[in-house]
Amino acid sequence: MIDVVGVWKSYRSGSRMVDALRGVDCHVDRGRFAFIVGPSGSGKSTLLYMLGALDRPTSGKIVVDGQDLTTMSESSQNAYRREQIGFIFQSFNLISNLSALENVLVPFLPRGVTPEQRDRAADLLTRTGLGMRLDHRPYQLSGGEQQRVAIARALVKDPILVLADEPTGELDSKAGDEIYRILRSMQETSKTTLVVVTHDRRFITPDDLVLEIQDGRLVGQPGPAEGGGDGDAGARGHANGVAAGAEPRVRTPE
Ligand SMILES: Nc1ncnc2c1ncn2[C@@H]1O[C@H](COP(=O)(O)OP(=O)(O)OP(=O)(O)O)[C@@H](O)[C@H]1O
């Protein structure tokens with residue numbers, strides 16, 4: 001389903017280059033619940049954004065459901081994001097003057113909403129426990145409820161992949177538990193693939209795939225040569241191993 005091969009991502013920061021990802025290889029099977037974990041600044045969100053085609057790697061290859069994101073045109077990337085990927089962000093990203101139901105229908109608004117789509121959106125909200133709050137605006141909902149709306153919005157277009165960046169980061173632990181309960185139950189029904197960035201490992205179960213990043217590379221993978229683009233393939237799949245020796249991620253551009 002997801003193949004990440006030798007992915008480097010470097011950002012220019014003033015006169016220096018920051019290597020956010022340094023030769024990442026991994027594979028996620030269809031229907032998996034996968035977590036990206038690691039210390040702050042290790043590259044978790046960068047990897048997630050690459051999977052969502054929100055950014056392109058500096059080098060390497062990312063293939064999702066047979067589609068090579070790295071060679072795709074800009075317009076194909078837009079369509080990929082719009083039609084195939086469900087995004088869930090830490091800060092919910094709801095539109096304040098739309099109701100819960102309308103927020104879930106946002107992906108369909110440009111082309112007009114069909115009655116079937118409206119029913120599906122209402123059904124998803126009901127399954128998250130918000131059946132009685134379809135007409136509420138975001139300010140009338142708790143943080144946990146707003147995130148449930150965001151989950152329904154991510155799933156309404158039946159995506160091949162759902163990407164979540166710290167989905168419980170702004171919630172208390174009770175609301176966080178509820179969000180994971182809903183995510184797991186929704187995934188069971190939809191059989192979609194879910195990749196979640198989190199700092200909170202208590203939501204991880206033994207069946208989940210854990211991709212642990214440190215200093216821009218997956219734990220357990222050999223460190224590739226500095227400079228980008230030529231990463232050693234290293235281990236694939238489960239990345240539950242011993243940290244490779246950390247090397248500085250900041251360098252001066254050649
Ligand atoms: N647009 C950018 N320009 C320059 N540097 C960036 C940019 N985006 C990320 N970085 C740097 O890349 C590195 C990895 O960032 P990333 O956001 O992926 O880490 P993270 O593991 O998600 O961190 P956190 O857990 O704190 O959210 C960091 O050093 C960050 O400062």
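**Ligand shell, sheet and core**

Guide: By class, the shell around the ligand holds three nonpolar, eight polar and one charged residues. The model discussed here is predicted.

Visitor: Which element supplies the largest share of the shell around the ligand?
Guide: The residues around the ligand include Tyr11, Val18, Gly43, Lys44, Ser45 and Thr46. Strand S1 (2-13), strand S2 (16-28) and H1 each supply at least two residues of this shell. The largest share, three residues, comes from H1.

Visitor: How many of the eight residues of helix H1 are buried?
Guide: A residue counts as buried if 20 or more other C-beta atoms lie within 10 Å of its own. In H1, Lys44, Thr46, Leu47, Leu48, Met50 and Leu51 are buried. Helix H1 (residues 44-51) is thus mostly covered, and the number of its buried residues is six.

Visitor: Which strands are the edge strands of the open sheet of six strands?
Guide: The sheet has mixed pairing and the order S6-S7-S8-S3-S9-S10. An edge strand pairs on one side only, and this holds for strand S6 (85-88) and strand S10 (217-218).

Visitor: Which residue of S9 is the bridge partner of Ala34?
Guide: Strand S3 (residues 33-37) and strand S9 (residues 209-214) run parallel and are joined by four bridges. In S9, the partner of Ala34 is Leu209.

Visitor: Which element supplies the largest share of the largest nonpolar core?
Guide: In soluble globular proteins, nonpolar side chains tend to be buried together. The largest nonpolar core has 57 residues, and among those touching the most other members are Ile36, Leu51, Val104 and Ala152. The largest share of this core, six residues, comes from H5.

Visitor: With which residues is Ala152 in contact, leaving aside its neighbours within four places in sequence?
Guide: Ala152 is one of the core residues that touch the most other members. With those neighbours left aside, its contacts are Val104, Ala121, Leu124, Leu125 and Thr128.

Key. Residues numbered from 1 in each chain as written. Predicted model: local features only at pLDDT ≥ 70, side-chain atom pairs only at ≥ 80, totals over all residues. Buried ≥ 20, exposed ≤ 12 C-beta atoms within 10 Å, placed from the backbone. Pairing = 2+ DSSP bridges. Near = placed C-beta within 6 Å. Nonpolar A, V, L, I, M, F, W, Y, C, P; charged D, E, K, R; others polar. Core = buried A, V, L, I, M, F, W, Y, C linked by C-beta atoms within 7 Å. Contact = placed C-beta atoms within 7 Å.
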